[in-house]
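I kept each entry to what I could read off the model.

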Amino acid sequence: MDNVFPSPHPLVAHKLTLLRDKRTDPQTFRDLVRELATLLTYEATADLPTRPKPVETPLAAMTGAEVSDTIGLVPILRAGLGMVEGVWNLLPGAQVWHIGLYRDERTLRPVEYYNKLPVAPTVTLCLVLDPMLATGGSAVATVDILKRWGVKRIKFVGIIGAPEGIAHMQERHPDVPIHLAAIDERLNDNGYILPGLGDAGDRQFGTA
Ligand code: PRP
Ligand code: URA
């Protein structure tokens, strides 16, 4: 699969296994989502452009580097919220622009309920954050919104992807790289990822 990057890192596999475990309580679940978001963002940002930046160490002047993008984090509510803090660990200056979507339980289509983007884009690169890429409807709709906003470069950072959701994203937005902890087997009849981890929003917020 082009432009899809399941993490090869053993720490990611270890933490993902704890996250999947049905006995994991909401607080531990939130900690793991945050830690996975940090690790996956480290991988997803490996190709970011930098520009030269002069710096004086205690001993000498030299030219270092600084990331040249203005970065926007776009958590898809609700479950994407839990990834923001982990990404901020690496990108503390990133802007956060929330997009509210929920899946209609019957059609599995995303329904938009929150979007406060200003008229003109304020960032050069968006990282869309959502732990679950199931049918891909929510991720595709979010990238549609961001492209209409005028953002040219977008990456998706998730935790688990289903082949169906990855294919949907690649068909509609082949230019958007997809970074994941794992690619699972398939969706069940209710649109949940198998083996997955259940409902990522409910498990984070204790609403199961
Ligand atoms: C979950 C998840 C994604 C979406 C994935 O959110 O966090 O946003 O489903 O499914 P899709 O790829 O088929 O669109 P949900 O709609 O359950 O809302 P919630 O986060 O508020 O619980
Ligand atoms: N949303 C979730 O939270 N989990 C899934 O498996 C699919 C969609």
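Entry 1, backbone. I began in the loop between β4 (71–77) and α3, where Arg 78 is found, and noted that in this predicted model the peptide bond leading from Leu 77 into Arg 78 is cis, with omega near -5°. I then went to the loop between β15 (193–194) and α6, which holds Pro 195, and recorded a cis peptide bond between Leu 194 and Pro 195, its omega about -5°.

Asn 3, in the segment before β1 (4–6), has a phi of about 65° although it is not a glycine, and I listed Asn 3 as partly exposed because its relative accessibility is 26%, which lies between the cut-offs of 20% and 50%. Leu 108, which sits in the loop between β6 (99–103) and β7, likewise is not a glycine and has a positive phi of about 65°.

I read α2 as residues 26–44, 19 residues in all, with 26 Å from the first C-alpha to the last, close to the 27 Å expected at 1.5 Å a residue. At the start of α2, I found a side-chain oxygen of Asp 25 within 3.1 Å of the backbone nitrogen of Gln 27.

Which residues of α2 are buried? I wrote down Phe 29, Leu 32, Val 33, Leu 36, Ala 37, Thr 38, Leu 40, Thr 41 and Ala 44. An α-helix has 3.6 residues a turn, so residues three or four places apart point the same way. The buried residues of α2 pack against several elements, including α1 (10–20), α3 (81–88), β8 (125–129) and α6 (200–205).

With which side chains does the side chain of Thr 122 make polar contacts? I recorded one of 2.6 Å to the side chain of Gln 95 and one of 3.5 Å to the side chain of Trp 97.

I noted a nonpolar surface patch formed by Tyr 102, Tyr 113 and Tyr 114, with about 320 Å² of accessible area together. Tyr 113 lies in strand β7 (residues 110–115) and counts as partly exposed at 45% relative accessibility.

Notes: Residues are numbered from 1 along each chain as its sequence is written. Chains are lettered from A and ligands numbered from 1 in the order in which they are written. This is a predicted model: local features need pLDDT of at least 70, side-chain atom pairs count only at pLDDT 80 or more; totals for chains, interfaces and linings use all residues. Side-chain values use heavy atoms; hydrogens and water are left out. Helices (H or I, at least four residues) and strands (E, at least two) are DSSP runs, numbered from the N terminus. The expected span of a helix is 1.5 Å times one less than its number of residues. Buried means under 20% relative accessible area, exposed over 50%, partly exposed in between (1.4 Å probe, protein chains only). Contact means heavy atoms within 4.5 Å. A polar contact is a pair of N or O atoms within 3.5 Å; within protein, one must be able to donate a hydrogen and the other to accept it, and residues adjacent in sequence count only if both atoms are side-chain atoms. Patches are made of residues with over 30% relative accessible area and no salt bridge: like charges are joined within 9 Å, nonpolar side chains (Val, Leu, Ile, Met, Phe, Trp, Tyr) within 5 Å. Accessible areas come from the Shrake-Rupley method with a 1.4 Å probe; for residues, only the protein chains shown count as cover. A salt bridge is a side-chain nitrogen of Lys or Arg within 4 Å of a carboxyl oxygen of Asp or Glu.
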